[in-house]
Amino acid sequence: MTSLEWLGRQVPVFAGTYDTHISTGECYDTRPLSSLFTMQPGSVAKMEGLAFLPTLYADHDARTHSVQRERGVFVALTGDVDEGNWSIEHIRGLVSGLVGDGAYLIYSSPHACPGDMRWRIVLPLAQPVSFADWHDAQAALLSFMGRAGVDLDRALLGAGQPVFLPNVPARHPKTGEALRGSDGAPLYYCRARTGPRSPGLQLGNGSLGTEIARLRARRAADELAHQRLRVDAQQRRRSSTSNAESPIVRFNRANPLPDLLQTYGYEQSPRHADDWRSPHQTSATYATRIVEGRKWISLSGSDAATGLGQASAAGCFGDAFDLFVHFEHGGDRKAALRSLGEERR
């Protein structure tokens, strides 16, 4: 397999957010990945613009995250820069520093304009990879750019998340500002790309390989810490007594942890359904884990610093009621219990 095979790899494309084939059973149209490097921007509303998925799987259910996690074969990394008003020269400098002589495509987002420039990034891979390896590489890309102060949208960690292609509507939907001139040409569209003979990105090499290794080492360390914290939490529960009919027990039984975590702004890991990222976290890891279906443990120092749950040497832990106390009552356990009493009456 040569490093230029990425040029002919076919990726699914579709007409925006609402174009789905899940009911029709039809496969999605595909285009060579290389064709994205030369396409001219469309001129439709943002949500109707052409989009693609960086995977070879293009069946009718290709836009389903769980299906892509299981069946997807991924051929590119992608990034979405929606904040910071960075210049294209700055973004290109970071990207080229990451990929070396590898291929890259950078183009402005549909609503980009002076003072609010936004960018999309596409990095073809030398070899197709599984979801697990792709997700690690995507997370490493976020980490690399984040270290340079450029925040990428975490939504593109999703296996079936659309990546919108070049598009410039006639006007900005919020400000009404013209985005195309009287001749119909885009006013602010910018693009930077490598030539057609640039190789695909090797995931194990360079700065990206370093970031991936760092991420995997952190995950392995977190796994050990989760096990230690789980044992600590179990020992503490065994040494305490509780009334089986207490308001807390009733609350925990009535409020499944996954539902409550989602309500309070936690982000579920696409790799492991029991792992979640707290809204307090500043790191990109999923430091909170559900154990035994009814308890959670967190390795996040940010969580522990806010007084969430019960403190431990490795972080903090608790149950659904502890989340209710923290997020609904500012940590006031007595107020939370009083509210449960009122609700029951």
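**Note on the predicted model: rings, sheet and pocket**

1. Phe37 is buried, with a relative accessible area of 4%. Buried here means under 20% relative accessible area, exposed means over 50%, and partly exposed is in between (1.4 Å probe, protein chains only). The model is predicted, so local features need pLDDT of at least 70 and side-chain atom pairs count only at pLDDT 80 or more, while totals for chains, interfaces and linings use all residues. Residues are numbered from 1 along each chain as its sequence is written, and side-chain values use heavy atoms, with hydrogens and water left out.

2. How many aromatic pairs does a search of the whole structure find? The search finds 10. Trp6 and Phe37 form a tilted pair, because their ring centres are 5.2 Å apart and their planes meet at 45 degrees. The terms are these: rings of Phe, Tyr and Trp (its six-membered ring) pair if their centres lie within 6.5 Å; planes under 30 degrees apart count as stacked, over 60 as edge-to-face, and the rest as tilted.

3. The Trp6–Phe37 pair links distant parts of the chain, 31 residues apart. Trp6 sits in the segment before strand 1 (10–15). Phe37 sits in the loop between strand 2 (29–32) and strand 3 (50–52). Helices (H or I, at least four residues) and strands (E, at least two) are DSSP runs, numbered from the N terminus. Trp6 counts as buried, at 1% relative accessibility.

4. Phe321 and Phe324 also form a tilted aromatic pair, 6.2 Å centre to centre with 40 degrees between the planes. This pair is local: both residues lie in helix 8 (residues 320–329), 3 residues apart, about one turn of the helix. Phe321 has a relative accessible area of 0% and is buried. Phe324 is buried too, at 10%. Elsewhere, Phe74, Phe131 and Trp134 form one aromatic cluster.

5. Now the sheet. Strands of a sheet pair through backbone hydrogen bonds, either parallel or antiparallel. In this model an open sheet of 6 strands has the order 9-10-11-12-14-13, with antiparallel pairing. Which strands are at the edges? They are strand 9 (267–268) and strand 13 (310–312), each pairing on one side only. Two strands pair if DSSP finds at least two bridges between them. Strand 13 is joined to strand 14 (residues 315–319) by 3 bridges, and the two run antiparallel.

6. Helix 8 lies across strand 12 (295–298), strand 13 and strand 14. Helix 8 runs at about 110 degrees to strand 14. Axes are lines fitted to C-alpha atoms, for helices over the stretch in contact (heavy atoms within 4.5 Å). Angles run from 0 to 180 degrees between N-to-C directions.

7. The largest pocket has a volume of about 830 Å³. Its lining has 31 residues, and Ala139, Leu215, Ala284, Thr285 and Tyr286 lie nearest its centre. Helix 3 (131–147), helix 4 (206–239) and strand 10 (275–277) each supply at least two lining residues. Which element gives the largest share of the lining? Helix 4 does, with 8 residues.

8. A search of the whole structure finds 2 cavities of 30 Å³ or more. The largest cavity has a volume of about 50 Å³. Among the residues that line this cavity are Ser108, Pro110, Val168, Leu187 and Tyr189. On a 1 Å grid over the protein atoms alone, a cavity is a set of points where a 1.4 Å probe fits but cannot get out; a pocket is an open set with protein on both sides within 12 Å along at least five of seven lines; lining residues have an atom within 4 Å of a point. Grid points are joined across faces, edges and corners, and a volume is the space filled by probe spheres set on the points.

9. Arg277 is in strand 10. Is Arg277 buried or exposed? Arg277 is buried, with a relative accessible area of 15%. Not counting residues up to four places away in sequence, Arg277 touches residues including Arg154, Glu267, Ala284, Thr285 and Tyr286. Arg277 and Thr288 are 11 residues apart in sequence and 6.1 Å apart in space, C-alpha to C-alpha.

10. Check two backbone angles. Asn85 has phi near 50 degrees, a positive value in a residue other than glycine. Asn85 is in the loop between strand 4 (74–81) and helix 2 (88–99), and is partly exposed at 36%. Glu292 has phi near 60 degrees, again positive in a residue other than glycine. Glu292 is in the loop between strand 11 (288–291) and strand 12, and is partly exposed at 38%.
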